[in-house]
Amino acid sequence: MDSPNRQTEAARFYHDVTKHSYTSVRSVGHRLDWDNRPFPFKIYPQAAALALPRQLDLSSTPALEAISGGAEISAATPLDLERLTRILFCAAGLTRKRKVGTEYYHFRAAASAGALYPVEVYLAGGSGADGLEPVLYHFSPADLKLRGLRRGDWRGAIAAACATRPSIAQARAVLILSGIFWRSAWKYQARSYRYCFWDAGTMLANLIAAANAEGLAADIVVDFVDAEIERLIGVDGEREGPLCLVALDRTEIETPSNPEPAPLELDTVPLSNQERSYPDLIAMHRASKLIDAAEVRSIAAWAAEEGGGVWSNLQVLGLGETIVRRGSTRKFAREPIPAEELAALLTASSGHPRCDFPPLTDTYLIVNAVTGLTPGAYSYSRASRSLELLKAGDFRGNAGYLCLEQPLGADCSALICYMADFDRTLSLMGSRGYRAAQLEAGLHGGRAYLAAYSMERGATGLTFYDDDTVEFFSPRAAGNIPLLMVAIGVPA
Ligand SMILES: Cc1cc2nc3c(=O)[nH]c(=O)nc-3n(C[C@H](O)[C@H](O)[C@H](O)COP(=O)(O)O)c2cc1C
């Protein structure tokens, strides 16, 4: 079978047709159909439930330490049910609710564009995870339960789909993050494919920090044979598709070899009266599928880089408190933050995670008000942990304009913009690189959120005008595509 992944025209086409511009946002004419709003929870009415412990003693490890990967990974840490629940809760748990009219809206531990929560979490553990039966589970944040989808320890099947990558083959448990596209497409249409990866990224930021705070290693894997993971979790790869995997903990235990999983015949509650599919979104997802283990091996030949490093001696909140307090800032006071805080945030949030793809993103900033820094446009070097001034000036107006004319960009202290060199990304990984770059931006952005809240500052993710953003940061950013913006500052 021909690999679609190397025909990268599809990724370029998708990116072009889903760009926002001043004209496009005024001419699209998309109305939100509130009566058809997708339900944000996946419910399996027939599946048996395992209630998770509700008394969660969340980690008090200083948040910057956990985010940056500085917490000590201990080989002796067992993955018991309490630990696992804390990790799942920090990744996807419900943290707040708000009544709008007669309805309650639930907010979660990680930020999600439009609070639409398209990302589901599945768990394959086995005899190695204490207190867990060998069953493939779906995590239900609504009632803090795991629901059994199929019996057996399926880590072998997952390892095979990842071409037997050691982090997966030796994982004590594997989490599968999967996107239900309609949930986000209801609002963001075909562009929502990008948002699904950003949201998976913010979830990863929380998940990995929580795992690290428990002393557990967490490795991200983006390269797998799509069809095999789809079959295992019983999704069609068009309405819902696996986005990435996380291997929790490394052990010496052998994964079992598994037979091909039988089709999963479990009903789920419909999301809304009618679902609409977006051909450009589906085409992009198909174009970045990997078709066999040989293809997985061929594109994932990079050594994983360790995250981590030094941050600063700032007093920050513990990780658990940070996650529970986090919520997107709706208005910033036009006040400065100290340069030391921005430096700590960039250091803690920018390390490349343990994963199977190379660093793909670059970090640019518009500094509006940071004490000790000239206002202007900057590029950030992760290697030297330094900022390079690209142009000095008061760019509050530009910052507000670039993020779709939202005052949040103009009022924040600093607007971070993650970008990627498109040619390099596609030549390294094919269209799969488009997925990985969006995910990496979401992860860095999610960590930036946590770092800001740990210092009792505010943050919000933001979308943007694509071409205008590149032009603003050019010539340095020529050939780049913008991936995600995150505004940091003092909440009003
Ligand atoms: C990838 C991403 C993009 C976002 N884009 C915007 C945006 O353009 N404007 C905005 O006001 N909020 C934006 N947000 C914030 C979300 O609306 C917010 O996370 C969601 O409503 C959930 O609320 P919470 O973060 O307070 O828990 C974004 C969040 C994420 C993760």
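Predicted model: local features only at pLDDT ≥ 70, side-chain atom pairs only at ≥ 80, totals over all residues.

**Backbone entries**

I looked up Ala163 and found it in the loop between α5 (155-161) and α6 (166-169). The phi of Ala163 is near 55°, which is a positive value in a residue other than glycine.

I then turned to Tyr117, which sits in the loop between β3 (103-108) and β4 (119-124). Tyr117 is not a glycine either, yet its phi is positive, at about 50°. With a relative accessible area of 8%, Tyr117 also falls under the 20% limit, and therefore I listed it as buried.

For the peptide bonds I kept in mind that most are trans. The bond joining Ser474 and Pro475 is cis, with omega at about 15°, and I located Pro475 in the loop between α18 (466-473) and β18 (480-491).

**A helix and its cover**

Which residues of helix α10 (residues 279-287) are buried? I wrote down Leu281, Ile282, Met284, His285 and Ala287. Looking next for what covers these buried residues of α10, I found that the cover includes the helices α1 (9-17), α7 (181-188), α8 (192-213) and α17 (432-454), together with the strand β9 (240-250).

**Whole-protein entries**

I counted 18 helices and 18 strands in the protein. The radius of gyration is 21 Å, close to the 23 Å that the globule rule gives for 492 residues, and I therefore recorded the protein as being as compact as a globular protein of that length. Taken along the principal axes, the box filled by the C-alpha atoms is roughly 60 × 50 × 45 Å.

Of the 492 residues, 60% count as buried. Among the contacts with a separation of 6 or more, I noted that 82% come from residues 24 or more positions apart.

Lastly I looked up the charges: the protein has 49 positive and 56 negative ones, and their mean positions are 5 Å apart.

Definitions and conventions: Residues numbered from 1 in each chain as written. Heavy atoms only, no water. Helix = DSSP H or I, 4+ residues; strand = E, 2+ residues; numbered from the N terminus. Rg over C-alpha atoms; globule rule 2.2 N^0.38 Å. Buried < 20%, exposed > 50% of the residue type's maximum accessible area, 1.4 Å probe, protein only. Contact = heavy atoms within 4.5 Å. Lys, Arg positive; Asp, Glu negative; His and termini not counted. Charge placed at Lys NZ, Arg CZ, Asp CG, Glu CD.
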